[in-house]
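I opened the notebook to record what I looked up in this structure. The entries follow in the order I made them.

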Amino acid sequence: MIRFEHVTKRYADGTMAVDDLSFDVAEGELVTLVGPSGCGKTTTMKMVNRLIEPTGGRILLDGEDISAIDPVQLRRRIGYVIQQVGLFPHKTVLDNTATVPHLLGVKKAQARARAAELLDLVGLDPSVYGGRYPDQLSGGQRQRVGVARALAADPPVLLMDEPFGAVDPVVREHLQNEFLALQKSLRKTVLFVTHDIEEAVRLGDRIAVYGQGRIEQFDAPATVLGAPRTPYVADFVGADRSLKRLSVTPIERGDLEQPPIVHLDDPLPLPTAIDRWAVVLDSEENLHGWISAEQAASGKGLVRDHARRMEAWLPVGASLRQALATMLQHDAGWIAVIDEDSVGRFLGALTPARLHEALRRSTAADARDIPRTEVELETISR
Ligand SMILES: Nc1ncnc2c1ncn2[C@@H]1O[C@H](COP(=O)(O)OP(=O)(O)OP(=O)(O)O)[C@@H](O)[C@H]1O
């Protein structure tokens with residue numbers, strides 16, 4: 001969808017902001033550009049909508065060289081969200097959102113109706129906020145309007161430059177989650193600039209980690225965290241990268257332990273001894289809870305009389321971070337993992353030891369994709 005071919009930008013004063021950049025962003029993909037201040041992220045982004053012209057190389061949009069497209073036409077295909085949202089102060093939220101479609105020739109009433117839909121989509125009730133002016137909104141609400149406005153002309157491509165940079169961490173996380181949910185259904189092709197590695201990891205399908213004017217690594221978040229290609233990247237993602245990596249590694253079926261299983265109507269005591277605990281399923285094989293080894297061996301009546309409900313559970317595919325958080329929240333020594341499609345079919349147990357193994361396995365798997373020679377060479381050349 002977006003292709004950079006040997007793109008270079010040297011400013012008039014000689015600053016080499018972007019140096020021989022080549023990468024692709026696939027249709028519907030969200031790529032985050034992350035790196036320290038001044039490394040060339042914004043320059044990269046502004047070359048896509050021709051706010052800045054490259055001094056070398058070319059950028060293709062859907063196979064078309066953008067230097068041959070009229071900038072105004074080009075920008076109709078590209079939504080743009082920036083940190084200083086740039087809303088018109090004298091226009092209401094609804095009119096701010098409707099501006100672009102209206103400029104594109106959509107009738108005012110129709111543009112407003114669409115704007116109301118979009119405000120709703122970004123979590124702002126149009127009947128409450130539509131009539132307000134920008135200075136009557138919180139920072140987070142203004143950013144939402146910025147996103148709604150960028151989506152108004154339904155462009156296939158979105159450029160987002162630190163769109164959530166100006167709000168506090170809690171609101172920021174809210175906005176990130178909302179945007180992720182939105183992106184799941186809209187599947188825009190997105191270039192997202194941030195200097196925050198946490199944000200890059202959370203949002204990106206892939207991350208481009210920038211050094212000075214160049215991309216040091218361009219990979220899926222788990223790979224960047226698990227197998228940083230260079231010491232620079234390792235340093236940038238931080239010493240706690242294993243912890244960050246928990247959030248991008250999903251629980252897989254192969255990670256699970258298979259504990260003994262009993263059913264609610266089994267009579268006690270059980271004929272065979274249980275080591276620590278057994279998982280209790282209902283007659284439909286769905287998760288009910290668990291029973292301790294002691295009660296299984298010496299209890300009377302039925303399993304259902306002694307079983308405890310299992311509160312610590314997650315669907316397969318949830319992140320290891322959620323798994324750890326769930327364990328801590330319920331003070332549980334393991335969590336039950338259920339099928340993501342069914343109501344509660346039990347798949348297995350994730351214990352702390354298995355969680356640790358899962359993390360190590362996924363790190364090793366990513367590291368295998370990277371030739372050692374390359375890692376060593378880059379290490380030496382620095
Ligand atoms: N108009 C300009 N003229 C000269 N140099 C510029 C110009 N705009 C940017 N630069 C320089 O180009 C380099 C890259 O800037 P750019 O804004 O792309 O970085 P960035 O990674 O987006 O930084 P930040 O996170 O601080 O916004 C910097 O050294 C910057 O000072």
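**Entry: two loop residues.** I began with Glu162, which sits in the loop between strand S7 (157-161) and helix H7 (169-186). I looked up its backbone angle and found a phi near 45°, a positive value in a residue other than glycine. I noted that the model is a predicted one. Is Glu162 buried or exposed, or in between? I counted 18 other C-beta atoms within 10 Å of Glu162, so it is partly exposed; 20 or more would be needed to call a residue buried.

I then turned to Asp331, in the loop between helix H14 (320-329) and strand S16 (335-338). Asp331 has a positive phi of about 50°, although it is not a glycine. Asp331 has 7 other C-beta atoms within 10 Å and is therefore exposed, since the limit for that class is 12 or fewer.

**Entry: a cis bond.** I looked up the peptide bond from Leu268 to Pro269 and wrote down that it is cis, with omega near -10°. Pro269 belongs to the loop between strand S11 (261-263) and strand S12 (277-281).

**Entry: the whole chain.** I listed 16 helices and 17 strands for the protein. The C-alpha trace spans about 80 × 60 × 35 Å along its principal axes. The domain assignment gives domain 1 (2-238) and domain 2 (253-350). I found the C-alpha centres of domain 1 and domain 2 to lie 44 Å apart. Of the 382 residues in the protein, 38% are buried. I also looked at contacts between residues at least 6 apart in sequence, and 63% of them join residues at least 24 apart.

**Entry: the cores.** Nonpolar side chains tend to be buried together in soluble globular proteins. Here I found 66 residues in the largest nonpolar core. Leu33, Leu119, Leu159, Leu191, Phe192 and Val209 touch the most other members of that core. A second, separate core has 28 residues, including Trp277, Ile291, Ile335 and Ala358.

**Entry: the ligand.** Which residues are closest to the ligand? I wrote down Tyr11, Ala17, Ser37, Thr42 and Thr43, out of 13 residues that surround it. Helix H1 (residues 41-48) gives the most to this shell, with three residues. By class, I sorted the shell into three nonpolar, eight polar and two charged residues.

Key. Residues numbered from 1 in each chain as written. Predicted model: local features only at pLDDT ≥ 70, side-chain atom pairs only at ≥ 80, totals over all residues. Core = buried A, V, L, I, M, F, W, Y, C linked by C-beta atoms within 7 Å. Near = placed C-beta within 6 Å. Helix = DSSP H or I, 4+ residues; strand = E, 2+ residues; numbered from the N terminus. Nonpolar A, V, L, I, M, F, W, Y, C, P; charged D, E, K, R; others polar. Contact = placed C-beta atoms within 7 Å. Domains from an automatic or database assignment.
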